[in-house]
Amino acid sequence: MTKLILSVVLFSFALASISRAEVNKAEELAAGVYFHEGDIAGKGHCNNGWIVFDDYVLVIDANFPSGAQEILPKIKKISDKPVRFAFDTHHHGDHAYGNQIWADQGATAVAHTGVVEELNKYEPGRWNDSAKTREDVRNSKLKYPTVLFPHEMFFDDGKHRAELRHFGVAHTHGDGFAWLPKERILFTGDACVNGPYNYVGDGSITEWVKTLEAAKQLNPQIICPGHGPKGDRSVLENQQEFFIELLAGARKLRGNNPDEIKKSVEALRRDFKKNERIARYVGNGFPAQLEKAVIELGGKPFLPQTAQRAEEEKHMQAHGHEDRNHDQGAAAARTGG
């Protein structure tokens, strides 16, 4: 019996290892549908996807310029069809600053209308700040998406169907999803991530939970997040659970004074780490995430205005924000994004 159990465990571990794509490696999820996990730790790259249609390729997320250049030869190796569209799931630099690279290939950038609204709000300030520290940005150009949709947009050649959808505010005010109903694959952008990558400064945690609920109604079987490894439906469920628990914790604390809330952060963080379904979402940005939840529920800020929130700062720099915009991010977190 012991040997049998051990064999089952080893077999399960082997399957998990096989299903977990390598960073910077293109993985075919279904015929003509690919997922590429980006190197966020080393280069700040987001994940990408692409779909090979009869006459063209649709890329999901433009990435940073260097991220676009990372996957472009991999796409060409797989297919000789031209890349005609690049879908920006939202406005952050690691998802949209590579638009010019794709435009040079003859592709058109596509996005929800909210993406352009956010770009108009934050650019070119964030681009210019990012260019100070990123050579790939410095050597490229800021290019807005020009094909926009308010609710949904479909690509369908009879074999593949990709539905670009907007379910509401989440990570930003312009989050888009790419849904493949035949394969039941959902590309989520940063509305769903798989690891401690949640930045809440440009969105709304309260609305985020509702948006994830709408996405769950599609009943996807494979989730391709904006950062971290792909997974099954549980990735979407765990992301939502993390925010539900965060709001529940904030609801208990919102009536306390800022000093009392601040003292409760580490105990709450430890509780979250004990929950195996959501532990992986808990990072150095947890205090800022909790503060945003408290504020959204009517409580008061409890972190210093000038606090250096390591995880949030790291995210902001990677997504095209420099130190100068840290206070803007903090202000966004304090006002509901």
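I began at Ala 86, which stands opposite Ala 109 in strand E6. Strands here are DSSP runs of E, at least two residues; helices are runs of H or I, at least four, and both are numbered from the N terminus.

I noted the ground rules. This is a predicted model, in which local features need pLDDT of at least 70, side-chain atom pairs count only at pLDDT 80 or more, and totals for chains, interfaces and linings use all residues. Residues are numbered from 1 along each chain as its sequence is written, and side-chain values use heavy atoms, without hydrogens and water.

Next I followed the strands. E5 (residues 83-87) and E6 (residues 108-112) run parallel, joined by three bridges. Pairing takes at least two DSSP bridges. E4 (residues 57-60) is parallel to E5 too, with four bridges. Leu 58 has Phe 85 in E5 as its bridge partner. From E4 the chain passes through helix H3 (residues 65-78) to E5, a right-handed β-α-β crossover (clockwise from first strand over helix to second, strands pointing away from the viewer).

Then I looked up the largest nonpolar core. It holds 38 residues; Phe 242, Leu 246 and Phe 286 are among those touching the most other members. Core members are buried Ala, Val, Leu, Ile, Met, Phe, Trp, Tyr and Cys joined through side-chain atoms within 4.5 Å; buried is under 20% relative accessible area with a 1.4 Å probe, protein chains only. Helix H10 (233-253) is one contributor, and its eight residues are the largest share.

Last, I checked confidence. Mean pLDDT (per-residue confidence, 0 to 100) is 88. Residues 1-20 stay under 50. Where pLDDT is low, predicted coordinates should not be read in detail.

Terms used:
pLDDT is the predictor's confidence in each residue, from 0 to 100. Contact means heavy atoms within 4.5 Å. Buried means under 20% relative accessible area, exposed over 50%, partly exposed in between (1.4 Å probe, protein chains only).
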